[in-house]
Amino acid sequence: MVKVFEKNMGLQVTLIVVALGLLWCRALIAPPAMMAGDKSAILYDLVYRGLGPMPRLATILAMTLVLVEGVMLNLLLSNVGVVSQKSLLPTLLYIIAMSASAKTLTPMLLVNAALIPCLNQLLLRGSLLTIPTNKICGATMLIGLATMFYFPAWTLVISYLLIAVNYRLYGWKDWCVMILGLIGPYLLLGTVLMMTGDLADAWMAIVEKFNDFAIRIDTVDMLRTCASLFLMLLFVVSLVSLWSKLGERTIIWQKNASTVMLLTVGGICMMFYAQLVPVDMQMVGVPFALVANHFLAPDKRRYYGLGKKNHDWIFDILLILTLVAALIC
């Protein structure tokens with residue numbers, strides 16, 4: 001199965017459509033309710049008010065958004081050369097991660113709709129080893145916009161700061177542009193809320209959400225818990241494996257791959273605003289698509305110490321188990 005994602009584009013598309021159907025068929029038949037909105041994330045609250053009474057439409061839109069985001073992320077990663085241009089495996093893995101934890105429109109789906117364009121601003125092209133000022137502003141503005149769909153997405157600022165260190169964006173101009181980009185969407189929102197008289201309520205909701213940082217563990221459903229932990233284990237192993245091999249790549253490749261992987265820090269911090277167990281894989285859906293791709297479809301010259309003999313069947317089983325775990329979740 002892994003080899004299919006190296007050459008046969010038609011079969012790749014077929015497998016992705018089948019996997020998407022398997023993951024979402026039950027939700028289409030009996031659509032779950034959307035998570036309620038609140039004033040800490042005003043844009044999601046507006047979406048919830050419009051789609052909350054129509055759960056089936058919300059589910060259809062969510063499934064479509066998962067597919068579109070997966071394709072866009074795949075194109076982005078392939079355009080900068082960190083994944084093969086002939087493979088749609090990152091799309092499948094993104095769909096699995098984003099479909100495992102929820103089967104309706106969630107704040108994280110909308111956050112990633114802003115995060116993927118943000119990533120587009122931060123990835124390098126050509127031989128330049130840093131990003132220009134205008135892209136810093138664009139990237140942080142999109143992070144600010146993402147927090148309006150899910151306020152705990154502010155933790156992506158931590159990931160951005162680590163990326164800034166990687167790109168050596170230490171200048172005062174870089175800091176000023178970053179701050180202006182982050183607060184830009186809130187200046188507009190604050191103006192609107194002040195005119196409508198909702199500014200105080202929104203501010204209190206933001207403060208309350210910011211302080212809602214805790215360890216939450218739900219082990220009532222052991223099968224679902226084990227399935228989510230399997231996906232997280234695969235992610236961690238894949239992350240460590242790829243990070244350990246960065247030195248074998250070019251500097252541009254290293255910086256681009258590191259940029260994607262550093263989103264993990266913000267994603268894990270976000271889990272403390274939701275729950276740690278069962279793991280919400282949507283929080284790390286973007287880096288999961290990259291690192292799991294390189295683990296499940298490794299360079300054929302090296303099989304992680306498995307020797308010279310072809311061991312594709314091992315990665316085939318892992319890919320099937322990943323899909324099954326997402327179905328259980």
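Which residues line the largest cavity? In this predicted model, the lining is made by Met-108, Asn-112, Leu-115, Leu-263, Gln-282, Met-283, Val-284, Gly-285, Val-286 and Pro-287.

**Cavities**
- The model holds three cavities of 30 Å³ or more.
- The largest cavity has a volume of about 50 Å³.
- Helix 6 (107–122) and helix 14 (285–296) are the elements that give two or more residues to the lining of the largest cavity.
- By residue class, the lining of the largest cavity comprises seven nonpolar and three polar residues, with no charged ones.

**Second largest pocket**
- The volume of the second largest pocket is about 380 Å³.
- This pocket is lined by 23 residues, and the closest to its centre are Met-35, Ala-102, Ala-274, Asp-280 and Met-283.
- At least two residues of the pocket lining come from helix 6, and at least two from helix 11 (222–244).
- The pocket lining divides into 14 nonpolar, six polar and three charged residues.

**Nonpolar surface patch**
- Leu-67, Val-68, Val-71, Met-72 and Leu-75 make a nonpolar surface patch of about 390 Å².
- Leu-75, one of the patch residues, lies in helix 4 (residues 55–79).
- Leu-75 counts as partly exposed because its relative accessibility is 44%, and partly exposed covers the range between under 20% (buried) and over 50% (exposed).

Terms used. Residues are numbered from 1 along each chain as its sequence is written. This is a predicted model: local features need pLDDT of at least 70, side-chain atom pairs count only at pLDDT 80 or more; totals for chains, interfaces and linings use all residues. Side-chain values use heavy atoms; hydrogens and water are left out. On a 1 Å grid over the protein atoms alone, a cavity is a set of points where a 1.4 Å probe fits but cannot get out, and a pocket is an open set with protein on both sides within 12 Å along at least five of seven lines; lining residues have an atom within 4 Å of a point. Grid points are joined across faces, edges and corners, and a volume is the space filled by probe spheres set on the points. Helices (H or I, at least four residues) and strands (E, at least two) are DSSP runs, numbered from the N terminus. Ala, Val, Leu, Ile, Met, Phe, Trp, Tyr, Cys and Pro count as nonpolar, Asp, Glu, Lys and Arg as charged, and the others, Gly among them, as polar. Patches are made of residues with over 30% relative accessible area and no salt bridge: like charges are joined within 9 Å, nonpolar side chains (Val, Leu, Ile, Met, Phe, Trp, Tyr) within 5 Å. Accessible areas come from the Shrake-Rupley method with a 1.4 Å probe; for residues, only the protein chains shown count as cover. A salt bridge is a side-chain nitrogen of Lys or Arg within 4 Å of a carboxyl oxygen of Asp or Glu. Buried means under 20% relative accessible area, exposed over 50%, partly exposed in between (1.4 Å probe, protein chains only).
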